[in-house]
Amino acid sequence: MSEEPPSEDTYIRKFGFRRFTGIRQNRIYRIISVAWFNLIEAIRRSGFTKMLLVFMFFSILIQDVLIIVISWFLPFIGDPITINELFRDAYADSVLGMVSLVNRITVLDLGFIGFLPFNISAVGISFIWLLLMAIVGGGLIADDRLHQTTEVYFSRISRLEYVLGKLMSLILFSTIVVVLPSIIQYFLLSYGLETNLLVNIDLMFWGIGFTLLAAVILSIIILALSSVTKRRAVATLTFFIAAIVMSSFYSAIGWTQSESMLLLLDFVGAIALFGAIALGYESLNINGRDIFFNNGIGIEGSMVIGIVLLVLMLGILALIITLFRRDS
Amino acid sequence: MKKLINKRISCPSVHAMSTESFRISDLSKFYGPTLALDKVTVTAPKKAVGLLGPNGAGKTTLIRILMGIIRHSSGSGTVLGYDFCDSIQDIRDHVGYSPEFTPMIPDVSAMKYVTFMGKLSGLAAVEAAQRAHDTLHYVGLAEERYRPLREFSTGMMQKCKLAAALVHDPDLVILDEPTDGLDPTGRQQMLDLIERLYKDEGKSLIVSSHLLFDVEKVCDWVMVLGRGQLVTSGNMSELLADTSGMLRLKIVGDASSFSRKLTARGLEVEVDGPFLDVKRDNGTELAILEEVNRDPQVSLRYMGSRTRTLEDVFITIVEGRELG
């Protein structure tokens, strides 16, 4: 039996079109595909993002090493708080510092300066995180609109899946950049202060929940900005500058009053205040001044919660208006 | 949320057995105050369907409604038997769409792009990658599949769009202006590919184009839109059939002299370039043959029914209608 020599046509038939007989994956798989593809591509194509990530890695490393080193060289005195209270305050302070920009929001009494250096480092992380979010998130929808890629997305997945995928990519990114470090810090601080890991486990879940909440809110805002423009630079700069400017009002103008309402303009700081309230703190130290959430003067806890919800709602509304308008 | 975590969808669906590409009824679409589609009702068979119309006729609007990209204002319809209000996700899984413009993710390779499109249509990662290789081979981009899309020419991008439309093995492929911006060779290659898809792979097609030759070459059923309304629809052969009752001749020799001789015999003759069109009647063919035999300077090369091109039909029905 002779075999016919392969021709160009047989090559095309061999590697050419085949019928698909497999099984299609569910809708969540498609959302994850959007998230993963966008996350990888956003990081891959920007050298500046990679550089910032390296910088952030070292910031986190320094902060985490500081936790242990400081705990060695500044022995705990034991008065007026216990080692466990110190652990809780120090950890909460460190995590809150990751989500505050210009205003120094702390649950520690600043008279006790033992853990101040790594809180400054945490504020540095918040700057880099915000900048990274702005760079990565600014182009997520704006680039699709510019290159008309939204048309091919919407011919395969729904708008809700599209938005969820994009949101998930930013949340995944934040998970690597802040949620994971907050978990690592919990273990390192516990190791450094020699506290029982399980006693304060609620604090770790708070850290995860708080950083995730901050990631979700900031992701929605940056996505909303990205959806109203076709220029990624516009979305990136608007987000970053707005965050810095809004958080600067309190320290620049409202410093004379410790409970000035201008603090509520700091929408990033408001998330940190919300986190502290969720953890049960009734007072905080902001830029060296104490504020009380339930004293009926100035900023109240309900206002902080209201501002966080308002920012979240505005972001969702902007996304809905621009993306779910199916005539566009 | 329940919709998002539905169980895996088996393929192919029973709806794929539908005999229609799409069926729309009283479909209207307003963009603000502008009426883009005006109560269009049509049933398109599972064939190679040509969607014709001048610019602004509503072709792309109709396609975008069929794909669920935009919402229609009123009316109803199905694609491959799936209702496009209730089963839009099923439609998207079983229809491949290559848009008119070039959607791009500039920094990714064709391979990554097509794989990603496969994943968006529900293919598992390995399957999507394998099928991306296959479809890129199929459209002739095997060598270029690892090059970033920003380096692609218009012709390569058209092929890449086609590969992306095919990667999930759709039952129906919608191609919006598939030969737009291509040089003659690229255009011919693209038309050959589309023809192969229809004839060899058994895909149903909707080809939207304002290039009538393209549609005439690959489609066997057409619908013509004009100012948002359905002007006509039907089989290509029926549309192109000549209803004027003229007989077309091609002769070698003095055509005008021969035309006068036929007129002298009482025949109605029109000269159309190298052709003579003669009004057909009883004994017309015999009279022509007698005249050819009588005149040694003339020889007959062709005698048959006059055929129309799609361009003739289009001009008659669309432009004539607009003049009216």
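A nonpolar core is a set of buried Ala, Val, Leu, Ile, Met, Phe, Trp, Tyr and Cys residues joined through C-beta atoms within 7 Å. A residue counts as buried if 20 or more other C-beta atoms, placed from the backbone, lie within 10 Å of its own. The model is predicted: local features need pLDDT of at least 70, side-chain atom pairs count only at pLDDT 80 or more, and totals for chains, interfaces and linings use all residues. Residues are numbered from 1 along each chain as its sequence is written, and chains are lettered from A in the order in which they are written.

**The cores**

The largest nonpolar core holds 164 residues, of which A:Ile222, B:Tyr113, B:Val114, B:Ala163 and B:Val207 touch the most other members. Helix α7 of chain A (residues 159-193) gives the most to this core, with 13 residues. Apart from it lies another core of 10 residues, including B:Met246, B:Leu247, B:Val269 and B:Leu276. Helices (H or I, at least four residues) and strands (E, at least two) are DSSP runs, numbered from the N terminus.

**Helix α3 of chain B**

Contact here requires C-beta atoms, placed from the backbone, within 7 Å. Leaving aside residues up to four places away in sequence, B:Tyr113 touches B:Ile105, B:Val108, B:Leu149, B:Cys160 and B:Ala164. Just after α3(B), B:Gly122 adopts a positive phi of about 95°.

**The sheet of chain B**

Four strands of chain B form an open sheet in the order β13-β14-β12-β15, with antiparallel pairing; two strands pair if DSSP finds at least two bridges between them. Its edge strands are β13 (269-272) and β15 (299-305), each pairing on one side only. Neighbouring strands are turned by 25° against each other on average, direction ignored. Between β13(B) and β14(B) (residues 275-279) there are 4 bridges, and B:Val271 stands opposite B:Leu276 in β14(B).

Two helices of chain B pack on this sheet, as tabulated. Axes are lines fitted to C-alpha atoms, for helices over the stretch in contact, and angles run from 0 to 180 degrees between N-to-C directions.

| Helix | Strands touched | Angle between directions |
|---|---|---|
| α9(B), residues 255-264 | β12 (246-252), β13 and β14 of chain B | about 165° with β13(B) |
| α10(B), residues 284-294 | β12, β14 and β15 of chain B | about 170° with β15(B) |

Conventions:
Buried ≥ 20, exposed ≤ 12 C-beta atoms within 10 Å, placed from the backbone.
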